[in-house]
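Here are my notes on the model you sent. They go from the overall layout to the barrel and then to the core.

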Amino acid sequence: MANPILHFMGLTKRNGEMPKVIFADTRGMIHFNCPSCGYVSVKPVGQIFNMPRTQHISCVCGNTYEVEIERRKSFRKKTHLEGFYARATPAGSFEQMTIVDISLGGCHLITSKKHSMGEGDRVKLVFELDNAKRTKIERDAIVCNVDGQSIRCKFVATATGLDPDLGFYLRVQ
Ligand SMILES: [Zn+2]
């Protein structure tokens, strides 16, 4: 990648109706770049993940502009997190797995044994983050893709819509 810090992708015109589409950088930060004065403000993706996709940004110069945040490209972290998964309906027993990458939207896990999970199945995931607190995370997820013992899934939104522990985990290191 030409610039590992800033991944900007301007889809459109300068004076615009179409908002600029922006992604998080490799550290999980989003850079808002004022088209009028060039001022850059930075926010962690964890902080804005649950806000509307289109954001109205008020710059220090007085200009207001719109950006669209591309969540699918939001920060994804390579991990080696041991944990357990179980089919949610009908409830199955917990089996061992390892999460090999994770983002706020979902994760990619490898099961320790053969399994019978299929696309669209709902699973319960329980795992610990490898941070100082060893934060325990429990999430429901929907299986999106299965390839042998490799399962990719999408997290089901939490009741509050917020996930501060995971958001913080994804923006450090
Ligand atoms: Zn400005």
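This is a predicted model: local features need pLDDT of at least 70, side-chain atom pairs count only at pLDDT 80 or more; totals for chains, interfaces and linings use all residues.

1. Of the 173 residues of the chain, 17% count as buried.

2. Layout. The chain holds two helices and 12 strands. Read from the N terminus, the order is β-β-β-β-α-β-β-β-β-β-β-β-β-α.

3. Take the contacts in the chain with a separation of 6 or more. Residues 24 or more positions apart account for 48% of them.

4. The barrel. Six strands form a closed barrel, in the order S7-S8-S9-S12-S11-S10. The pairing is antiparallel. From one strand to the next, the twist averages 45°. As background, strands of a sheet pair through backbone hydrogen bonds, either parallel or antiparallel.

5. S8 and S9. These two strands form a hairpin, with two residues between them. Their antiparallel pairing covers five bridges. For a landmark, look at methionine 97, which stands opposite threonine 111 in S9.

6. S9 and S12. How many bridges join S9 to S12? The number is five, and the two strands run antiparallel. Histidine 108 has arginine 152 in S12 as its bridge partner.

7. S10 and S11. Seven bridges link S10 to S11, again in the antiparallel sense. Valine 123 stands opposite alanine 141 in S11.

8. The main core. The largest nonpolar core has 26 residues. Which residues have the most contacts inside it? They are Ile99, Leu109, Val123 and Cys153. Several elements give two or more residues to this core: strands S6 (64–69), S7 (76–87), S8 (95–103), S9 (106–111), S10 (122–128), S11 (136–147) and S12 (150–155), plus helix H2 (164–171). The barrel strands S7, S8, S9, S12, S11 and S10 are therefore among the contributors to this core, by the DSSP numbering of strands.

9. Domain 1 spans 8–73 and domain 2 spans 76–171. The core draws at least three residues from each. Please keep this in view when you treat the domains separately.

10. Valine 123 up close. Leave aside residues up to four places away in sequence. Valine 123 then touches Tyr85, Ala86, Arg87, Ala88, Met117, Ala141, Val143 and Cys153.

Conventions. Residues are numbered from 1 along each chain as its sequence is written. Helices (H or I, at least four residues) and strands (E, at least two) are DSSP runs, numbered from the N terminus. A residue is buried if 20 or more other C-beta atoms lie within 10 Å of its own, exposed if 12 or fewer, and partly exposed in between; C-beta atoms are placed from the backbone. Two residues are in contact if their C-beta atoms, placed from the backbone, lie within 7 Å. A nonpolar core is a set of buried Ala, Val, Leu, Ile, Met, Phe, Trp, Tyr and Cys residues joined through C-beta atoms within 7 Å. Domain bounds come from an automatic or database domain assignment. Two strands pair if DSSP finds at least two bridges between them. Axes are lines fitted to C-alpha atoms, for helices over the stretch in contact, and angles run from 0 to 180 degrees between N-to-C directions.
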